[in-house]
Amino acid sequence: MGFKCGIVGLPNVGKSTLFNALTQTAAAQAANYPFCTIEPNVGDVAVPDARLDALAAIAGSQQIIPTRITFVDIAGIVRGASKGEGLGNQFLANIREVDAIAHVVRCFEDSDITHVEGKIDPIADIETIETELMLADLDSLEKRVAGLEKKARGGDKEAKESLDLVQRCLVLLQDGKPARLLERKAEEEKAFQMLNLLTAKPVLYVCNVEETSAHDGNSFSAKVFERAKQEGAKAVVVSAKIESEIAVLPPEDMKDYLEAVGLDEPGLNRVIRAGYELLQLLTYFTVGPKEARAWTITRGTKAPAAAGVIHTDFEKGFIRAETIAYDDYVGCKGEAGARDAGKFRLEGKDYTVLDGDVMHFRFNT
């Protein structure tokens, strides 16, 4: 089950530096000129979760396998991208393929690093990107109207429903608002997602600050956090420079370095977790002497579908799920203790899996 988060932003805001640190590789070329990233680079990263280590310690697991999320480094978007400026069509197509957007915003001043707009203004930068995405969505939707109207006149019920969604999205976009703000009913959600709009994707703002502001942010990042709050998005503060230095350190030196710069964990851990939350994902665990493993599912997933993430046969032949809440597993020091304490549950097909559940599936082959 793959989940992709696309890293976007104007040129020279620190996207590729952040991506390199995120994946601890030099896969993306970080350079001080626009379009140094022409093809999107892709990297899978582990989602940090202290619970997995705790479970493995209790069970004596030989191997620990975290869940993962994919980040895609997409080349810098510039004003006019929706009309093809700066290789815009290619970049916009790459954004369509991701599930969420990590929007890197420059929140630092540095005369040695040029800014494509000639000034440091994170809100203006956000609006430049958002405008290009909205213009691309407007163009996409306007091209669909005539065909949908023709089908709707012919009595096509699905076309009528899609046309209504398209028209409502057009009104919102023409008012300068992203499609994700569209008020819609639960039964419309699938059709809405089928429109595959750029501005329908959830957004995480990543405020790239100077080293001294890596812990609490600065006046630039404060403005971004306020905007995120207003639109129901998420925001995190990182220093891409610090993260790139941490990425090449031996694990034994990382803690000392973090303490020296006043951080208790890499800022990228916050980015990864925020991206995970942004996609409405949660984690359940399978634990045993061979391995402790984290599995990714979307919120609201029923037990059979959760079992299917491990193997499709588990979902097809699902009987029931042996389930222990994480706190109960830890508090009772493992499965045997949880059984003795009455914290071991057998859940059926209608059970909605909760974050942190420790599960074992019974199924027919």
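Which residues line the largest cavity? The lining consists of V8, I101, H103, I126, I129, E130, L133, R180, V203 and Y205. The model is predicted, so local features need pLDDT of at least 70, side-chain atom pairs count only at pLDDT 80 or more, and totals for chains, interfaces and linings use all residues. Residues are numbered from 1 along each chain as its sequence is written, and side-chain values use heavy atoms, with hydrogens and water left out.

Rolling a probe the size of a water molecule over the atoms shows where empty space is left. Here a cavity is a set of points, on a 1 Å grid over the protein atoms alone, where a 1.4 Å probe fits but cannot get out; lining residues have an atom within 4 Å of a point. Grid points are joined across faces, edges and corners, and a volume is the space filled by probe spheres set on the points. The count comes to 1 cavity of 30 Å³ or more. The largest cavity holds about 50 Å³ of space. Three elements, β5 (100–106), α4 (122–153) and β6 (203–208), each give two or more residues to its lining. Helices (H or I, at least four residues) and strands (E, at least two) are DSSP runs, numbered from the N terminus. Helix α4 supplies the largest share of the lining, 4 residues. By class, the lining has 7 nonpolar, 1 polar and 2 charged residues. In this scheme Ala, Val, Leu, Ile, Met, Phe, Trp, Tyr, Cys and Pro count as nonpolar, Asp, Glu, Lys and Arg as charged, and the others, Gly among them, as polar.

Strand pairing comes next. Two strands pair if DSSP finds at least two bridges between them. Strand β1 (residues 4–8) runs parallel to β4, with 4 bridges joining them. Within this pairing, G6 has V72 of β4 as its bridge partner, and I7 stands opposite D73. Strand β1 is also joined to β5 by 4 bridges, again in parallel. There, I7 has A102 of β5 as its bridge partner. Strand β2 (residues 41–46) pairs with β4 in the antiparallel sense, over 6 bridges. In that pair, V45 stands opposite I69.

Burial was assigned from relative accessible area: buried means under 20%, exposed over 50%, and partly exposed in between (1.4 Å probe, protein chains only). In β1, 4 of the 5 residues are buried, so this strand is largely enclosed by the rest of the structure. Strand β4 (residues 68–73) is mostly covered, with 5 of its 6 residues buried. What is the count of buried residues among the 10 residues of helix α9? It is 1, and α9 (residues 251–260) is hardly covered.

A nonpolar core is a set of buried Ala, Val, Leu, Ile, Met, Phe, Trp, Tyr and Cys residues joined through side-chain atoms within 4.5 Å. The largest such core has 54 residues. Those with the most contacts inside it are F71, I95, Y205, V206 and V271. Helix α10 (residues 267–278) gives the largest share of this core, 6 residues. A second, separate core has 20 residues, including L141, A152, C169 and L195.

The cysteines were examined for disulfides, a disulfide being a pair of cysteine sulfur atoms within 2.5 Å. The structure holds 0 disulfides. C107 is in no disulfide, and its nearest cysteine sulfur, that of C207, is 4.3 Å away. C107 counts as buried, at 0% relative accessibility. For C207, also in no disulfide, the nearest cysteine sulfur is that of C107, 4.3 Å away. C207 is buried too, with a relative accessible area of 0%.

Backbone angles close the account. Most residues other than glycine have a negative phi, and most peptide bonds are trans. N12 has a positive phi, near 65°. This residue, N12, sits in the loop between β1 and α1 (15–23). N12 counts as buried, at 12% relative accessibility. N196 also has a positive phi, near 55°. The loop between α6 (189–194) and β6 holds N196. N196 is partly exposed, with a relative accessible area of 33%. Just after α9, G262 takes a positive phi of about 80°.

Conventions
1 Å grid on protein atoms, 1.4 Å probe; cavity = no way out; pocket = protein on both sides within 12 Å on 5 of 7 lines; lining within 4 Å.
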